Amino acid sequence: MQGFILKTTKVRDEDCIVDVLSESALVRAYRFYGARHSNIIQGYKIDFELSQNQNFLPRLSGVMHLGYAWLGNREKLLFWQQFMRLLHAHLKDAEHLDKFYYELLSRAAARFGKQNPRRIIVESYAEILKFEGRLHDEPYCFLCDEEILENIALCRGFLPAHEHCAQRAGFAQDEILEFLRSKKTLNLNDETVGYLYDIVAEGF
């Protein structure tokens with residue numbers, strides 16, 4: 001089985017509880033510490049086995065890292081781990097998951113070494129909203145239901161609003177609507193992408 005480590009929680013000594021996003025579920029397992037065990041690090045993709053335990057969580061064993069070269073870049077790793085935290089908070093109560101989430105992380109991880117991490121995360125966030133039917137790509141304010149005729153402010157979940165309704169600065173309407181419909185940041189400058197990333201950091 002393969003998956004991405006979304007969260008690790010220390011429980012005693014060096015043991016930990018690990019939440020791993022696999023193709024079909026968010027797996028929670030117990031990891032016993034041992035000198036010969038590989039490190040369990042948030043954000044890493046791993047190949048693993050589960051040993052069932054009737055009285056407790058399944059045991060995580062046979063762990064092998066499926067590395068990406070960019071994991072050695074501390075800045076990129078921190079961006080990736082922040083996205084893992086956001087995704088874990090979003091998915092933690094789901095019992096079964098569509099393979100979409102696993103495949104999205106696999107695509108994003110493959111691009112992470114070559115592209116701006118903020119752009120990849122912003123685009124991935126938009127893809128998730130679209131998949132879940134929550135991406136609003138028409139110029140109507142979610143707060144007052146009126147059409148937005150000038151700049152579009154975006155709130156958590158990329159919800160569009162008038163600047164005065166949201167009480168935050170907006171984006172050029174043509175640029176932001178093109179982004180919301182294409183889920184690509186190609187036509188946005190780095191400053192705009194930075195503002196969008198700040199919205200992503202608010203959560204899903």
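Analyst: Helices (H or I, at least four residues) and strands (E, at least two) are DSSP runs, numbered from the N terminus. By that count, Lys 92 is found in the loop between H1 and H2. This is a predicted model, in which local features need pLDDT of at least 70 and side-chain atom pairs 80 or more, while totals for chains, interfaces and linings use all residues. Numbering runs from 1 along each chain as its sequence is written, and side-chain values use heavy atoms, without hydrogens or water.

The setting comes before the packing. The protein chain has six helices and seven strands, and along the sequence they follow the pattern β-β-β-β-β-α-α-α-β-β-α-α-α. Its C-alpha atoms fill a box of roughly 60 × 35 × 30 Å, taken along the principal axes. Of its 204 residues, 48% count as buried (under 20% relative accessible area; exposed is over 50%, partly exposed in between; 1.4 Å probe, protein chains only). Among contacts (heavy atoms within 4.5 Å) with a separation of 6 or more, 54% join residues 24 or more positions apart.

The chain is divided into domain 1 (1-114) and domain 2 (125-203), with bounds from an automatic or database domain assignment. The contact takes 11 residues from domain 1 and nine residues from domain 2. Taken over C-alpha atoms, the centres of the two domains are 30 Å apart.

Helix H3 (residues 117-131) packs against two other helices, and each pair is given by a distance and an angle between axes (lines fitted to C-alpha atoms over the stretch in contact, with angles from 0 to 180 degrees between N-to-C directions). The axes of helix H2 (residues 100-111) and H3 come within 11 Å and cross at roughly 165°. H2 and H3 are therefore roughly antiparallel (over 145 degrees; under 35 is roughly parallel, 65 to 115 roughly perpendicular, the rest oblique). On the H2 side, the residues that meet H3 are Phe 100, Tyr 101, Leu 104, Arg 107, Ala 108 and Arg 111. Their counterparts in H3 are Ile 120, Glu 123, Ser 124, Glu 127, Ile 128 and Phe 131.

The axes of H1 and H3 come within 10 Å and cross at roughly 15°, and this pair is therefore roughly parallel. Here Lys 76, Phe 79, Phe 83, Leu 87 and His 90 in H1 meet Pro 117, Arg 118, Ile 121, Ser 124 and Ile 128 in H3.

Arg 119 is buried, with a relative accessible area of 17%. Beyond neighbours within four places in sequence, Arg 119 is in contact with Thr 185, Leu 186, Leu 188, Asn 189, Asp 190 and Val 193.

Some loop residues give a contrast. Lys 92, at 49% relative accessibility, is partly exposed. Its C-alpha atom is separated by 30 Å from that of Ile 176, 84 residues apart along the chain. Asp 145, in the loop between H3 and strand S6 (153-155), is exposed at 62%. Its phi is near 70°, a positive value in a residue other than glycine. Gln 167, in the loop between helix H4 (163-166) and helix H5 (173-182), is exposed at 71%. The phi of Gln 167 is also positive, near 55°.
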